[in-house]
Structures are given as structure tokens and as C-alpha cells.
Amino acid sequence: MSIRRASHAGSWYSNNSNELNGQLTEWLNKAKYTHGPAKALISPHAGYYYCGATAAFAYKHINPDLVDTVFILGPSHHYRLSGCALTQTIEYETPLYNLIIDQDINNELYQTGKFEWMSRKTDEDEHSIEMQLSFLAKAMESKKGNFKVVPIMVGNTSSDKEKMYGEMLAKYFLRPKTLFIISSDFCHWGERFGYTYFDESFGEIWKSIEALDKKVLTSIN
């Protein structure tokens, strides 16, 4: 087994540990703590230049003393997948420090027969999970080396499969010291993505997008 390198460091976010630590600290200091501690959070996976300040509002609500295992679910952008896949590495690299994979849970999930293994290339090509790692490392720095992660790549699943995976992961969610991170941009808006929904009753485009995001949150609740 090997270490998954931080393949998007230096492009999607800084590969300089001091610079990155400073950016994360600034974003987290500016974010407001409104309720918590979090048991699950949704965080975007764009480049930090675009979403760092927004992601900080999610990570602000983590209490490291209440977490020993972190599940990170991120969508597959490059690999065709109809289910979910797991990493074959032992650690995930970040510019701050490496995160340890929970091999026991990883193997337990694989033995259900409902997960496949990611290749090293598939793992490192994907950004949705990686974009959560440095924020997580920073939020959990007081517990460095004393918590583990379970990265799960999520494919284009059917409603039945979503229900199956939800039931499968529920027992882990109910454990007292687990945290679930859902990596999601909600939607990619713009002509390049083939999605330009605009409800003019809200006024400007950004207000329409904001209203759409709030509908998603209401649906989740």
C-alpha cells in the first residue's frame, strides 16, 4: 500500500504549508460559529481561491474532541462509477500533515461486496475528496495522528443504491465520535456546464442561485 499524493496542491490550492496554514487560519477566524458541534457537514470542492471562505463556515463547526473517525464522501468527476469506491492507500497527503486511512472500516466496507477499489490514478485524478483534506487537517490539528479518515468516491448511483449505501453507512454515523463530510458544489452554474437556470423573480442571477441552494437545504432537512 502507498500514500496518495496531494495531486492538486500547487494548482487548486497552495502547496506551501506555511502559506496554506495562514490562509486556512484567516478563513476560519472570519467564519462565524452559529450552531454545533457538527455531526455532518456539506463543503464545496472548488479551488480555495473561489470557495475557501465559504468552506470555512462548515469546518468552523468541528469539535476535534468529539471526533476520531471522519468519513469523506465526494462525487466522481472523471471515473465512470455506478456505485461507490474506496482508496487502496494507507495515508492521504496534505501540505500540512498526512491523514491516516482507517483500514479496518475500509476493509469492512469492501467485504460487503458493494464497494470497489479505486486505482491509484483514479484516486489522485479526483479532486472532490482532496479539497476537503487540508481544511480537515487544520480543523483537527489538535488531534493530529489521533484520528482516521474513510474516503468514499460516489458515482452516478440510482435511488435504490443511494438507499442501500445510506443504510450501510448509518451504523457508522450513529457511532458517537464519527463525522461525515459531504463534498458538494450543489450545482455548476453556467453555459460551460449546460445549466443556466434563472428565476428572474429573484432579481440578479446570484440571488436566483442562492434561492436554489436554499431549496436544496430545505429538501435535505
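Strand S3 (69-75), helix H6 (159-173) and strand S9 (178-183) each supply at least two residues to the lining of the second largest pocket in this predicted model. H6 gives the largest share of that lining, with four residues. The pocket has a volume of about 350 Å³. Its lining comprises 14 residues, of which Leu73, Cys84, Val154, Thr157 and Glu162 are the closest to the centre. By class, seven of the lining residues are nonpolar, six are polar and one is charged.

The model also holds one cavity of 30 Å³ or more. The volume of the largest cavity is about 30 Å³. Its lining is formed by Arg4, Tyr92, Met118, Asp123, Glu126, Ile129, Glu130 and Met153. Four of these residues are nonpolar and four are charged. No polar residue takes part in the lining of this cavity.

Helix H1 spans residues 17-30, and helix H2 spans residues 48-59. The two pack at an angle of about 55 degrees. Their axes lie 8 Å apart. On the H1 side, the contact is made by Leu20, Leu24, Trp27 and Leu28. On the H2 side, Tyr48, Gly52, Ala53, Ala56 and Tyr59 take part. The residues of this contact divide into eight nonpolar and one polar, with no charged residue.

H1 also packs against helix H5, which covers residues 130-139. The axes of H1 and H5 come within 10 Å and cross at roughly 75 degrees. This pair is therefore roughly perpendicular. From H1, the contact draws on Leu20, Asn21, Leu24, Thr25, Trp27 and Leu28. These meet Ser134, Phe135 and Lys138 in H5. The contact of H1 with H5 has five nonpolar residues, three polar and one charged.

The remaining pair is H2 with H5. The axes of H2 and H5 come within 11 Å, and the crossing angle is roughly 45 degrees. H2 and H5 are therefore oblique to each other. The crossing of H2 and H5 is right-handed. H2 contributes Tyr48, Gly52, Ala55, Ala56 and Tyr59 to the contact. H5 contributes Met131, Gln132, Ser134, Phe135, Leu136 and Ala139. In the contact of H2 with H5, eight residues are nonpolar, three are polar and none is charged.

One backbone feature stands apart from the helix contacts. Most peptide bonds are trans. A cis peptide bond, however, joins Gly36 and Pro37, with omega of about 5 degrees. Pro37 is placed in the loop between H1 and strand S2 (40-43).

Key: Residues are numbered from 1 along each chain as its sequence is written. This is a predicted model: local features need pLDDT of at least 70, side-chain atom pairs count only at pLDDT 80 or more; totals for chains, interfaces and linings use all residues. Side-chain values use heavy atoms; hydrogens and water are left out. On a 1 Å grid over the protein atoms alone, a cavity is a set of points where a 1.4 Å probe fits but cannot get out, and a pocket is an open set with protein on both sides within 12 Å along at least five of seven lines; lining residues have an atom within 4 Å of a point. Grid points are joined across faces, edges and corners, and a volume is the space filled by probe spheres set on the points. Ala, Val, Leu, Ile, Met, Phe, Trp, Tyr, Cys and Pro count as nonpolar, Asp, Glu, Lys and Arg as charged, and the others, Gly among them, as polar. Axes are lines fitted to C-alpha atoms, for helices over the stretch in contact, and angles run from 0 to 180 degrees between N-to-C directions. Contact means heavy atoms within 4.5 Å. Angles under 35 degrees count as roughly parallel, over 145 as roughly antiparallel, 65 to 115 as roughly perpendicular and the rest as oblique. A crossing is left-handed if the near helix is turned anticlockwise from the far one by less than a right angle, and right-handed if clockwise.
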